[in-house]
Amino acid sequence: MNRASLPWSRIGFAVLVVVSLSLGWWGLMLDTTHVPGRTWYDVVYHDLQLFVLGADPASDGGPLSWQLQVARFLAPGTAVYALFEAARALFTGEIRRFNQRRARGHAIVVGETDAADTVTAALVAAGHRVLRTPDAAGLPGVGLTGATVLYACVDDTTDATANVLTVAEAEAAVRRAGSGPDRLYAHVSDPDLGVALQARHLSCAEPGVDFFTLDVIAAQALAVREVRRILDAPGGPAPVTHLVVVGSGEFAKALVVGLAREWELAGDGLRLVVDLSADDADHVAGELRARWSPVAQRIELRAVPVLGAGGGAPDTVYVCHASDGVSLRVALTATRLWHGGPGSLVLLLDGLAGLTSAFGTEASRVLDNLDGRLRTVTTRDLLADVERVEARAHADMYERIARSVHHVYLRNQLERGVGWGEVPAMVRWEDLPDDLRASNRGWVVGLPARLSRMGATIAPRDGAPDVVFDGAELDRLAEAEHELWESVRVAAGWRSGPVRDDAARIHPMIGVPWSELSESNREKDRDVVRLLPEILAEFGLEVVRYEMSPVAVG
């Protein structure tokens with residue numbers, strides 16, 4: 001029996017009972033010697049009666065031994081304490097449920113899956129309170145109206161719409177109550193379905209609802225961390241960086257896409273070569289190039305069906321098979337992967353997450369980490385790696401596209417020779433002022449309304465030629481871009497003035513109609529429209545028209 005199974009409160013209660021019984025026995029033996037016919041059973045009976053204020057020898061008062069005097073007060077006190085503890089145990093569940101129903105400022109995670117556990121751990125690691133319920137039926141009991149965010153993570157392997165329906169029910173309940181979480185997220189295990197749902201949600205411009213795939217979010221977080229590590233290496237990055245991704249599951253594919261997107265800011269003259277090693281590498285690599293423009297344009301993706309056939313020692317290898325067991329076996333048996341420097345072999349372990357500590361660097365570690373070459377990561381760690389003030393475990397779709405808009409801006413400015421920090425916007429997204437971030441988010445939120453003017457919407461990318469806006473249509477969208485830019489700036493407190501002053505939030509273009517702008521400024525708005533297909537392509541999305549162009553019949 002350990003200390004956890006026998007807490008001090010129970011030990012103290014047992015001591016009180018024993019002391020009360022002992023003193024009562026002692027006192028009764030002393031004070032009832034004159035009672036004729038007294039038996040041993042009488043003493044025991046009166047001793048037990050002390051706990052219910054019914055022991056006759058002690059009830060009459062008078063001169064009593066100190067032992068009985070103490071016992072006749074201590075025993076009832078012990079009984080009262082026992083009743084209190086029993087009542088507390090009986091009503092603890094009800095009290096907890098009552099407090100949960102009235103909770104405020106917390107996060108809700110729906111489901112009892114690994115995804116739910118991972119999201120919960122990420123939120124808790126960021127310092128947020130999390131209440132959980134196994135299904136949508138339990139939402140009222142976990143304070144839905146007082147929550148700030150909800151994650152639906154029930155098992156959707158047999159019913160792909162399970163989490164979508166949970167979010168829809170929660171949104172309807174929040175609307176009826178007039179209060180509740182302003183951010184609702186549904187986990188979608190199928191990434192293709194997730195992209196399709198994101199496209200439809202983006203087209204209705206209601207920030208606060210998003211669909212995410214945990215593997216994709218975690219892989220993107222790893223890609224951001226790894227590319228930053230490469231670019232910020234002492235002495236600068238090498239002209240050619242060679243990476244290997246082992247596996248073709250959703251995490252592996254998302255990692256390739258994430259690496260390609262993050263490499264946009266690497267600058268000219270730097271190459272990223274990524275070998276995708278899997279039995280179906282040719283097929284998967286082709287799919288990635290077709291759907292994700294950064295993969296086709298920013299990196300050199302090579303399909304390597306046989307591990308190690310890419311030639312040369314890679315800088316970093318990422319082993320991320322869909323099966324943790326396969327990943328572990330590959331990492332520990334493919335010795336050709338061990339020739340890199342410290343941290344050059346990255347092993348994803350989710351189902352076997354407990355093994356990560358076994359490869360530690362302390363003297364007491366259980367398994368060797370190949371002299372520091374092996375790094376283990378888990379989805380939970382990757383989500384917790386991002387510090388967020390808001391109670392969120394990931395960046396929603398609006399923020400991710402806004403970040404992509406900024407990346408495209410940075411890339412284009414760098415190509416034009418504008419250096420880092422020369423203007424306030426020439427910084428990474430993490431360092432961008434709040435008003436400029438809001439401007440980018442506003443661009444995303446206003447996108448559906450601008451596209452609807454042209455009879456167009458957003459859909460998953462299918463490899464068809466991109467929609468091209470030109471002529472009068474291009475100018476109408478460019479004018480809408482200027483109007484949106486102005487409204488976002490004014491809402492952030494900017495005003496018109498003859499000279500631009502970012503500190504004072506003054507800009508000369510505010511209040512100027514698009515038709516009166518200089519041609520160079522109008523061209524900037526047109527550039528934003530022209531870049532739209534490229535920005536959406538980074539997320540596997542594209543612009544489609546509702547009405548197809550007529551096809552000539554020969």
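**Close-up views of a predicted model**

View 1. Helices here are DSSP runs of H or I with at least four residues, and strands are E runs of at least two, numbered from the N terminus. The patch covers about 420 Å² and is built from Trp 26, Leu 30, Trp 66 and Val 70. To join such a patch, a residue needs over 30% relative accessible area and no salt bridge; nonpolar side chains (Val, Leu, Ile, Met, Phe, Trp, Tyr) are joined within 5 Å, like charges within 9 Å. Trp 26 sits in helix H1 and is partly exposed, with a relative accessible area of 42%. Buried means under 20%, exposed over 50%, and partly exposed in between (1.4 Å probe, protein chains only).

This is a predicted model, so local features need pLDDT of at least 70 and side-chain atom pairs pLDDT 80 or more, while totals for chains, interfaces and linings use all residues. Residues are numbered from 1 along each chain, and side-chain values use heavy atoms, leaving out hydrogens and water.

**View 2. Negative charges gather on the surface.** Asp 279, Asp 280, Asp 282 and Glu 287 form a patch of negative charge. Asp 279 belongs to the loop between strand S7 (271-277) and helix H10 (281-291), and Asp 279 is exposed at 78% relative accessible area.

**View 3. Helix H2 has a buried face.** Which residues of helix H2 (residues 40-49) are buried? They are Val 43, His 46, Asp 47 and Gln 49. Seen down the axis of H2, these buried residues fall within an arc of 160°, so they line one face of the helix; the arc is that of the directions from the helix axis to the C-beta atoms. Turned away from that buried side are the exposed residues Trp 40, Tyr 41 and Tyr 45.

View 4. Lys 253 and Glu 250 meet in a salt bridge (3.6 Å, N to O). A salt bridge has a side-chain nitrogen of Lys or Arg within 4 Å of a carboxyl oxygen of Asp or Glu. Both residues lie in helix H9 (residues 250-262), three residues apart, about one turn of the helix.

View 5. Asp 475 pairs with Arg 526, their closest N and O atoms being 2.7 Å apart. Asp 475 lies in helix H17 (residues 471-491) and Arg 526 in helix H18 (residues 519-537), so the pair ties together parts 51 residues apart in sequence. Arg 526 is buried, at 9% relative accessible area.

Terms used
Areas by Shrake-Rupley, 256 points an atom, 1.4 Å probe, with all protein chains shown as cover. Lys, Arg positive; Asp, Glu negative; His and termini not counted. Charge placed at Lys NZ, Arg CZ, Asp CG, Glu CD.
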